[in-house]
Amino acid sequence: MNCFDSYCRQIIRPPRRQYMISDLGNMHLQIQKGPKIRFLQTKAIVRMDFVFESRNIQLNASYFLTRSKNHRCMIYLHGNASCRLEGIRYAEVLASWDINLCVLDFAACGMSKGEFITMGVYESQDVIELMKYIENNFGKVDEFMLWGRSMGAVTALLLTENSKIRTYIIDSAFSEFRQLLQDIGNRQFGVFSFVLYLAIPILRRKILNQAQFDINLLNPIDKLKQVIPNKKFFFVAGKSDTLISYQYTLKLYENCQMPKKLDICEGDHNSNRPSTTLQRIIEFINEACEFKYNQEYQIRTEPYFKFQNQHSSEEEEDSKLQIVLSEIKTPQTKQQFISN
C-alpha cells in the first residue's frame, strides 16, 4: 500500500470502533427483545435499539424515549472513527427536559454495515432516513434537532435546508475539507507541505473512485451563507483542538446568516465539553419552545412504558444511587441534571 492509499484510508476507512451492546447503558430493567428501562430520579428512560436501512446499508441506532406531552427528538451525530457511544452521555440531561435522544452508528462505523465514510456527504442522506424511521415507528415529531461533532457536525450543516430540523449544535466542524487537508499538511510536513498540496488532486480522484464523493464540493460553510426561516445554530469548539482548529468554528460562526451563538471552551477535539458549555446549549435548545399536545406520540409510545410499574421501589432507590449527576440551574428555575 503506497502513501496515497494509506492517507486515503485515513479519510474514508478509519479504524472501526468496537464495542458491546451492553456498553450502550446500564438499563436496570430489561425486557427480552423489548425496551430497556432506567430511571432518572422519578422519570423513566426507555432505550429502544433498532436497525434501519439507508442506501441499501443496514445501520444500527438507539432511541432513548421519555414520557412527555410532546415529541422532541435530538439526533446525535458522532465524529470520524467513532460510534453511537459518543452521544449517550447526553441522554439523561435531555430526558430531564423531556427531549428524546437518538444515537446511531454511521455507515462503516460501530455495528453498522458499510465500507466507507464520506465525511458527511452520504451520512446526511442517512439522517433523513433515520428521521423517517423515527416518525413511522414512534409517532410524529414536533421538533427535530441535530447535535453533531466533527464529521457529525459537518453532516448536520449539510442538512441546513431540511425543513424538519430547527436547532443545530455544531461542535468542531471544518468549513472546507480541501482547506482542512492543506492545513493538516502544513502542520505535519512543514516546509515540505507542498508535497501534500500537489498530492491532493490524486487523493481526490482516489476518494471519488472508491467512496463516490468529491472533496472539492465538501464546503459546509456555503450552507450558512443563506437565510432560512426558523433555524438557529450553536457553534462550539475546544481552544486546544489541534486536529480541527477552533478558527474553523469562528469562520463558520461569522458566515452564518441565521440566529446563532458561539462558545469556544477549554479542551481539545475529543474532550468532554465543560458543564458551563452544556448549560448554555440546554438553554439554547429550550429558547421559545411551545408545542401542542402530541396525542399520536402518546399512543405510539405508551406500550414501551407498560413495564415501568414492575420496577420495585428498592431497585429504584438503587438506580438513583448509581446515576451520578450534578445539578445545574436554569433561567426557568427548573432543576436539571448533566452527567459528569
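A salt bridge is a side-chain nitrogen of Lys or Arg within 4 Å of a carboxyl oxygen of Asp or Glu. The exercises below apply this criterion to a predicted model, in which 19 salt bridges are found.

**Exercise 1.** Decide what kind of contact the side chains of Lys239 and Glu266 make, and where the two residues lie.

*Solution.* The N to O distance for Lys239 and Glu266 is 3.2 Å, and the two side chains meet in a salt bridge. The pair links distant parts of the chain, 27 residues apart, with Lys239 in the loop between β9 (232–238) and α7 (246–255) and Glu266 in the loop between β10 (260–265) and α8 (275–285). As for accessibility, Lys239 has a relative value of 43% and counts as partly exposed, while Glu266, at 52%, counts as exposed because the cut-off for that class is over 50%.

**Exercise 2.** Determine which parts of the chain the salt bridge between Glu143 and Arg72 ties together.

*Solution.* The closest N and O atoms of Glu143 and Arg72 are 3.1 Å apart, and the two residues form a salt bridge. Glu143 belongs to strand β7 (residues 143–149) and Arg72 to strand β5 (residues 72–77), so the pair ties together parts that are 71 residues apart in sequence. Both Glu143 and Arg72 are buried.

**Exercise 3.** Work out how Lys132 and Glu129 are placed in helix α3.

*Solution.* The side chains of Lys132 and Glu129 meet in a salt bridge with an N to O distance of 3.4 Å. Within helix α3 (residues 123–138) they are three residues apart, which means a separation of about one helical turn. Lys132 is partly exposed at 44% relative accessible area, and Glu129 is likewise partly exposed, at 29%.

Terms used. Residues numbered from 1 in each chain as written. Predicted model: local features only at pLDDT ≥ 70, side-chain atom pairs only at ≥ 80, totals over all residues. Heavy atoms only, no water. Helix = DSSP H or I, 4+ residues; strand = E, 2+ residues; numbered from the N terminus. Buried < 20%, exposed > 50% of the residue type's maximum accessible area, 1.4 Å probe, protein only.
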